[in-house]
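Subject: Structure for you to look at

Hello,

Here is the structure I said I would pass on. Please open it and keep it beside this message while you read.

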Amino acid sequence: MQSRIDKLCEKMHDNEAVFISSYPNIFYYSGFTSEDAYLLISHSGKYIITDSRYTIQAREQAKGFEVIDIAKGFEKIFSRIDEKYIGFEESYMSVGENKRIRAKLKDGQDFVEMQNLINKPREIKDECEIKKIAEAEKIGDMAFEYVLGRIKEGVTEREIALDLEFFMKKQGATALSFDTISASGIRSAMPHGIATDKKIENGDFLTLDFGCVFEGYCSDMTRTVVVGKANDKQKEIYNTVLKAQTTAIDAIKAGMKCSEVDGVARKIITDAGYGENFGHSLGHSVGIEIHENPSFSPKNNAVVQNGNVITVEPGIYIDGFGGVRIEDLIVVQNGKAVNLTSSPKELIEI
Ligand SMILES: [Mn+2]
């Protein structure tokens, strides 16, 4: 945790401190696992402010932080530090909360937006984070293998989603990364079609996009299978997405622009005539949150770096027909992509 705080402090000017209010950043910088807290980090001190329900937990988890009971020490918290500018998280703080906390500043201090600065260190995962994400992804792989044996005609999308979720929790997941996507038949043309009571039919594409949280870190993967025999059009779409996906993974190099990685996959899909059917970005980073930076989007000029953990998930979606998405989670190490997902990617016909 100290090395994360050191990284943050390097980015803060001498007259800047940060006031952290979001669960992901509280957890990242202090290890505290409740969202009912604030962190105040200055160049000279580290404080965690929480209520009496959590002060013991905060002392155990947030090593190196001085624990402040909100009922006793919050009013004068900012008088403990000398910095002029106190950065807050504009993406996570309501206008009302901002007003209440701003009123506690001492004379001469100013409350300013610093979300990007606060989030930045999280873009490069350390070894300990990569291990947890890899473990979470492994649970996903095992869940996929398990659920393949449960998919058949007449079973509903929701039953398959529940099978995945139950399995992942049994393997040690504490939560889901997001609502499981289980979309079959023409519903698979919806990139984020959540599970319904629709029964799976012969000839359906079935897209499963799911992930779990393990020790505070998310996983994310997608596989599309065909129930019964795939027809020629299904095979063509599937193989185009697969080629785009594997080519993009092979192309990833540290130092490359994120937009270029997106471009590699997009070109293959566009050349096959499906450019209009791939509406979303190629991928997003994953960590404490399911959507982090940087992302492989056509507009992102950020550079790929060692320690980035990002999904590679091209798709083709055809209204009235169905869709395919294949998603792996990769980590950039020694300048290239290492795949954390090991589920098979050749077309599975069930
Ligand atoms: Mn994803």
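**Two helix pairs**

Helices α9 and α10 are roughly antiparallel to each other. The model is a predicted one, and what follows should be read with that in mind. The angle between α9 (residues 232-251) and α10 (residues 258-271) is about 155 degrees, and their axes are 8 Å apart. An angle over 145 degrees counts as roughly antiparallel, which is why the pair gets that description. The two helices cross in a right-handed way.

Which residues of α9 and α10 meet? From α9 they are Thr240, Lys243, Ala244, Thr247, Ala248 and Ala251, and from α10 they are Val261, Val264, Ala265, Ile268 and Ile269. Sorted by type, the residues of this contact are 8 nonpolar, 2 polar and 1 charged.

Ala251 belongs to helix α9. Setting aside residues up to four places away in sequence, Ala251 touches Met256 and Val264. Ala251 and Ile49 are 202 residues apart in sequence, and their C-alpha atoms are 45 Å apart in space.

The second pair is α7 (residues 127-148) and α8 (residues 157-170), whose axes come within 9 Å and cross at roughly 135 degrees. That angle makes α7 oblique to α8. This crossing is right-handed. On the α7 side the contact is made by Ile139, Gly140, Met142, Ala143, Phe144, Tyr146 and Val147, and on the α8 side by Ile160, Asp163, Leu164, Phe167 and Met168. The residues of the contact of α7 with α8 divide into 10 nonpolar, 1 polar and 1 charged.

**The nonpolar core**

In soluble globular proteins, nonpolar side chains tend to be buried together. In this model the largest nonpolar core has 36 residues. Which of them touch the most other members? They are Val18, Ile20, Tyr29, Leu39, Ile41 and Ile48. The elements that give two or more residues to this core are the helices α1 (2-11), α2 (23-30), α6 (115-119) and α7, and the strands β1 (16-20), β2 (37-41), β11 (217-218) and β18 (328-333). The largest share, 4 residues, comes from α2.

Helix α2 deserves a look of its own. Is α2 mostly covered or mostly uncovered? It is mostly covered, with 7 of its 8 residues buried. The buried ones are Pro24, Asn25, Ile26, Phe27, Tyr28, Tyr29 and Ser30. After α2 comes Gly31, which has a positive phi, near 85 degrees.

**Backbone details**

Glu215 sits in the loop between β10 (212-214) and β11, and it is partly exposed, with a relative accessible area of 46%. Asn334 lies in the loop between β18 and β19 (336-339), and it is exposed, with a relative accessible area of 72%.

The peptide bond from Asn293 to Pro294 is cis, with omega near -5 degrees. Pro294 is part of strand β14 (residues 292-296).

The residues on both sides of that bond turn up again in the contacts of Glu123. Leaving aside neighbours within four places in sequence, Glu123 is in contact with Asn293, Pro294, Gly307 and Asn308. Glu123 is in the loop between α6 and α7. Is Glu123 buried or exposed? Its relative accessible area is 12%, so Glu123 is buried.

**One more residue**

Tyr85 is in strand β5 (residues 85-88). At 27% relative accessibility, Tyr85 counts as partly exposed.

Regards

How values were computed: Residues numbered from 1 in each chain as written. Predicted model: local features only at pLDDT ≥ 70, side-chain atom pairs only at ≥ 80, totals over all residues. Heavy atoms only, no water. Axes fitted to C-alpha atoms, helices over the stretch in contact; angles between N-to-C directions. Parallel < 35°, antiparallel > 145°, perpendicular 65-115°, else oblique. Left-handed = near helix turned anticlockwise from the far one by under 90°. Contact = heavy atoms within 4.5 Å. Nonpolar A, V, L, I, M, F, W, Y, C, P; charged D, E, K, R; others polar. Core = buried A, V, L, I, M, F, W, Y, C linked by side-chain atoms within 4.5 Å. Buried < 20%, exposed > 50% of the residue type's maximum accessible area, 1.4 Å probe, protein only.
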